[in-house]
Amino acid sequence: MKKSMNRMIAALMVFAVMTAALTGCKSKPKDADLKAAIETALLANPATSGAMVTVNEGVATLNGSVADETGKQAADRAAATIPGVKSVVNNLTVTPVNTAAPVVVAADDALTAAVKDATKDFPTVTATVSDGVVTLKGEIQKANLQKLMMVLQALKPKKVDNSQLVIK
Amino acid sequence: MALQEKYKELIETANTAGVSGLNIREQDGVLYIDGSTSGAVKQQLWDTYERLDPNYASGDLVMNINSVAGVTEGTKLKVTTNSSNLNIRKGPSTNDDIVGKAARNEVVTLVNKANDQWWLIKTDQGEEGYSYTQYLTPLA
């Protein structure tokens, strides 16, 4: 009785090991392959390219930072849609990146020359430039104000001060 | 952030109307808005700006919207000076000699763009030189 019991246990164990090995071979992609597939997907989208991923037993963990919530969710979806990924742990932080180019203010010499050209058609307006600030004096017809401001603000000034300009 | 609130309507208009390369940031109490778009949208943005800040009196916004970025060589341009003739110069600055003139409402051809302020143009009479873009309006 004891002997047959032992044989049965042994047989069960062999069966269990074989089942595990077979299913392992058949349907479980390697973590490294999953990681590579997720990384490719993340890099394909600029919004998610800042994310990093590790995979353990089919569970993908996202780390690092992305610029916005949309990127965070997109990274989550990108990882979850890879076949073989069981679940996604999303540890991404949202760090708004200041992607805006810095404000470029034209150098005074170039700005002065450009302002001179720009105001030539408005002889009643005088303009001076100091530290990037264009200061307007004199007077202008209201109908011409927008045109003048459009031109001056396109010259990359720090600001345009028309508080001393008389608008008629 | 207060300025973005003040010009909220302007920023929303820029976002929805389609401004490429739209760049909005605040620095030292001045809001800077840059981008490229059509002439019609530029006009719309400037009218909104004027409504939010009558006479542009606050000096807290510098809006640089380029509506001529898409204008290509060979485009016909109308001379839109206030009243006078348009000077055509040897080089791209008012320090350069005047080599010709184009009358108000005359149509000239864009040869190439030296920069956003000065374009090399050619008149129908064959005069060629640099003129100030402020006075040139692309014909649609």
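What distance separates the centres of domain 1 of chain B and domain 2 of chain B, taken over C-alpha atoms? In this predicted model, the two centres lie 28 Å apart, where the domain assignment of chain B places domain 1 at residues 2-66 and domain 2 at residues 76-138.

The interface with chain A involves 35 residues of chain B, which are in contact with 29 residues of chain A. Together the two chains bury about 2,700 Å², of which 44% is on carbon and sulfur atoms. Of the area that chain B buries against chain A, 19% is supplied by B:N55, B:N82 and B:Q134, a contribution exceeding that of any other three residues.

With regard to specific interactions, one salt bridge is counted between chain B and chain A; this salt bridge is formed by B:E50 with A:K142, whose closest N and O atoms are 3.4 Å apart.

On the side of chain B that touches chain A, the elements giving two or more residues are the strands β1 (20-27), β2 (30-36), β3 (61-66) and β5 (86-89), together with the helix α3 (39-52). The most is given by α3(B), which provides six residues to this side of chain B. By residue class, the side of chain B that touches chain A divides into 16 polar, 13 nonpolar and six charged residues.

Conventions:
Residues numbered from 1 in each chain as written. Chains lettered and ligands numbered in written order. Predicted model: local features only at pLDDT ≥ 70, side-chain atom pairs only at ≥ 80, totals over all residues. Heavy atoms only, no water. Domains from an automatic or database assignment. Contact = heavy atoms within 4.5 Å. Buried area = accessible area lost by both parts, 1.4 Å probe. Salt bridge = Lys/Arg side-chain N within 4 Å of Asp/Glu carboxyl O. Helix = DSSP H or I, 4+ residues; strand = E, 2+ residues; numbered from the N terminus. Nonpolar A, V, L, I, M, F, W, Y, C, P; charged D, E, K, R; others polar.
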